[in-house]
Amino acid sequence: MTLTNPPVHTPETLSPKRTSSTDPNLQAWVDEIARLTQPDAVVWCDGSPREASILSRQLVAEGKLIRLNPEWRPNSFLARTNPKDVARVEDRTFICSNDEADAGPTNNWAEPTAMREELQGVFAGSMRGRTLYVVPFSMGPLGGPISQLGVEITDSPYVVLNMGIMTRMGEQILTMIEAGEPWVHTVHSIGYPLVDAQGVKRDDVEWPCNDTKYIVQFPDTREVWSYGSGYGGNALLSKKSFALRIASVMGRDEGWLAEHMLLIKLISPEGNVFHVSAAFPSACGKTNLSMLQPTIPGWKVETIGDDIAWLRQGEDGRLWAINPEAGFFGVAPGTGETTNPTAVATMWGNTIFTNVALRDDGDVWWEGLTDTPPAHLIDWQGNDWTPASGRPAAHPNSRFTVAAAQCPSIADDWEAAGGVPIDAIIFGGRRATNVPLVAQARSWKHGVFMGATISSEKTAAAEGTVGELRRDPFAMLPFCGYNMADYWAHWLAVGKSLGTKAPAIFQVNWFRKGDDGSFIWPGFGENSRVLEWMVRRLEGQAEARDTPIGLLPTVDGLNLEGLDLSDKDLEQLFAIDPASWLAECDLTEEYFNKFGDRVPPALLAELASVRYHLKD
Ligand code: GTP
Ligand code: SPV
Ligand code: MN
């Protein structure tokens, strides 16, 4: 669909507060990017509701956002992307460390000087006919000891709106930068200028983007350059680019951890409080676990974060964590009243939906929101849809963007500047076979081995083949900003420093399938039973049986009261087949070999130990 050229807002109409910065470095950088990309106007975002309102009205006027029926979904919008821009592009994501070995075998590396030159060419004139927005943001509560500042330059007002929800964004951050706080530089262009080098104009489209994409991290200078995509982690540079890829390198250098983890506060019937973080690969259940409503009486889960955690050893020697984000960019499909009622309640309004279906009454729908689909919808590509259409109405990676503060289960201390003390860390993946429902690590080292050996079936969160099994260590495969083997060594070093104050480590798998191909474990709210077992382990109240791969619940260790699970189901959930585990060990060895002598010896020792016990 072709649109007419948008009205260009002058800095005066959109952002009355300022047209420049007193910080010479920030001002010079904005000037330099503007010289390179040649926008019509530069707008310094103040993060105000007024600014968001002007931008969303502008996008609606241009046909780039659909305002949802305010009766059902106040101040909420639907965006439909170009079908070629629906997920993270891992093969176009680069880690440009000075030394190639620092990127390691799991990242695409490019020589930084050559990449900079290439990007200069790509970004030259890329914002012609558009507005350049300067988006200052804080990851974590403003001024907190674990928090960090960043600035994203972008030519996408959709990105500005999303950043306003996902981060603490606006004027106050500029003041902090001007007072001398360090900040991370990130530059984003959708790569669809409206005027070419000869001055010839072209019309805008509903979702401007470019077939050529670059998501480039320069870890040594803490910079990000992203081009060609307007979607999710490709474009919201606070998220995967900064809070994971760049921050993991900061953590390596400064002794802390940046992780693809949810964060929850768990309260037992006795009123005891535990904080748990969990790393699952993309679209493998973090948002769901972070908002879990326990099915077992007396237990309570409160939400702190659903995607990213920054963890740092505190003065008391324990590991403390914050959620650096301020919003959720959650997977829509599968999110419904029965699976995640908390998420459904969170997005009552003030929500941006991307690539979901539109109902005839002006509200939204996606697979799994309700059991029965509406009789007619407009699908994510703008076409008529009925249940007989034989294709999904919403894209499998369609998402909702909403403020964490709207979540009814948000913990009262979710913005505690110093974070919360972590009692347990969980690693998980999507595995149809082999991996049991839950196992506890025997030690921190064994836990790091569990994290390092996570495999998971691929999901729609990234371009590629869904369902293919791949290694996704610590759920960080696409997000680790340096050599993955060095990252494992860093985890081991953090554990050494924590000593006896280190959190316990567990592994879970909600996705094991039975002979009929359906999930054996009911999942979602029932996962509280697994959390209960973990807490009882922490309290020293539950027995475990030692197996070659870790500590498993005893026969009656897991609370299964009121659950319709046959003995055979239970057996299958916990079955450990030595032959397939030995085969898995061979693959692990092969995988470790890719990292040469950078693999920490402690992990090789853990592998040897697992093998030894399997052969017993
Ligand atoms: P990212 O935002 O991509 O990092 O993903 P995430 O880890 O937050 O994943 P999310 O919680 O959004 O879950 C993705 C999909 O997994 C959704 O379709 C969920 O319905 C499904 N899912 C989550 N938890 C469970 C579970 O316990 N059992 C089953 N069978 N499916 C689940
Ligand atoms: C993921 O893919 O892990 C996400 C979505 O959380 S995105 O922000 O697009 O990376
Ligand atoms: Mn994620």
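Ser-189 is in contact with Phe-123, Ser-126, Met-127, Asp-155, Ser-226, Tyr-227 and Gly-228, leaving aside its neighbours within four places in sequence. The model is predicted. In it, Ser-189 belongs to strand β10, residues 183-189, and has a relative accessible area of 0%, so this serine counts as buried. The C-alpha atoms of Ser-189 and Ala-605 are separated by 46 Å, and the two residues are 416 residues apart along the chain.

**Helices α3 and α6**

- Helix α3 (residues 49-61) packs with helix α6 (residues 157-166) at an angle of about 140°, and their axes are 10 Å apart.
- The crossing in which α3 passes α6 is left-handed.
- On the α3 side the contact is made by Ala-52, Leu-55, Ser-56 and Leu-59, and on the α6 side by Pro-157, Tyr-158, Val-160 and Leu-161.
- Of the residues in this contact of α3 with α6, 7 are nonpolar, 1 is polar and none is charged.
- Helix α6 is largely enclosed by the rest of the structure, because 9 of its 10 residues are buried.
- The buried residues of α6 are Pro-157, Tyr-158, Val-159, Val-160, Leu-161, Asn-162, Met-163, Ile-165 and Met-166.

- An unreviewed UniProt entry gives the feature "binding site" at Ala-283, Cys-284, Gly-285, Lys-286, Thr-287, Asn-288, Arg-399, Arg-430, Phe-524, Gly-525, Glu-526 and Asn-527.
- These positions do not all gather at one spot, because they span 245 residues in sequence and the farthest two C-alpha atoms are 24.1 Å apart.
- From this set, Ala-283, Cys-284, Gly-285, Lys-286, Thr-287, Asn-288, Arg-399, Arg-430, Phe-524 and Asn-527 are part of the lining of the largest pocket.
- Ala-283 sits in the loop between β16 (273-279) and α10 (286-290), and its relative accessible area of 25% makes it partly exposed.
- Not counting residues up to four places away in sequence, Ala-283 touches Val-331, Arg-430, Thr-459 and Ala-461.
- Arg-399 is in strand β26, residues 399-403, and is buried, with a relative accessible area of 12%.
- The contacts of Arg-399, leaving aside its neighbours within four places in sequence, are Tyr-231, Phe-329, Gly-330, Val-331, Ala-332, Ile-352, Phe-353, Thr-354, Val-356 and Ala-461.

- Another "binding site" feature from an unreviewed UniProt entry is placed at Arg-88, Tyr-231, Gly-232, Gly-233, Ser-282, Asn-397, Ser-398 and Arg-399.
- The lining of the largest pocket includes Arg-88, Tyr-231, Gly-232, Gly-233, Ser-282, Asn-397 and Arg-399 of these residues.
- Gly-233 is found in helix α8, residues 232-235, and counts as buried at 11% relative accessibility.
- Asn-397 lies in the loop between β25 (384-385) and β26, and is buried, with a relative accessible area of 3%.
- Leaving aside its neighbours within four places in sequence, Asn-397 is in contact with Val-86, Ala-87, Tyr-231, Ala-460 and Ala-461.

- Asn-434 has a phi near 70°, a positive value in a residue other than glycine.
- This asparagine, Asn-434, is in the loop between β28 (424-428) and β29 (438-440), and at 9% relative accessibility Asn-434 counts as buried.
- Phe-474, also a residue other than glycine, has a positive phi near 55°.
- Phe-474 lies in the loop between β31 (469-471) and α13 (484-498), and counts as buried at 0% relative accessibility.

Note on methods: Residues are numbered from 1 along each chain as its sequence is written. Chains are lettered from A and ligands numbered from 1 in the order in which they are written. This is a predicted model: local features need pLDDT of at least 70, side-chain atom pairs count only at pLDDT 80 or more; totals for chains, interfaces and linings use all residues. Side-chain values use heavy atoms; hydrogens and water are left out. Axes are lines fitted to C-alpha atoms, for helices over the stretch in contact, and angles run from 0 to 180 degrees between N-to-C directions. Helices (H or I, at least four residues) and strands (E, at least two) are DSSP runs, numbered from the N terminus. A crossing is left-handed if the near helix is turned anticlockwise from the far one by less than a right angle, and right-handed if clockwise. Contact means heavy atoms within 4.5 Å. Ala, Val, Leu, Ile, Met, Phe, Trp, Tyr, Cys and Pro count as nonpolar, Asp, Glu, Lys and Arg as charged, and the others, Gly among them, as polar. UniProt positions are given in the numbering used here, feature names are shortened, and annotations may be inferred rather than shown by experiment. On a 1 Å grid over the protein atoms alone, a cavity is a set of points where a 1.4 Å probe fits but cannot get out, and a pocket is an open set with protein on both sides within 12 Å along at least five of seven lines; lining residues have an atom within 4 Å of a point. Buried means under 20% relative accessible area, exposed over 50%, partly exposed in between (1.4 Å probe, protein chains only).
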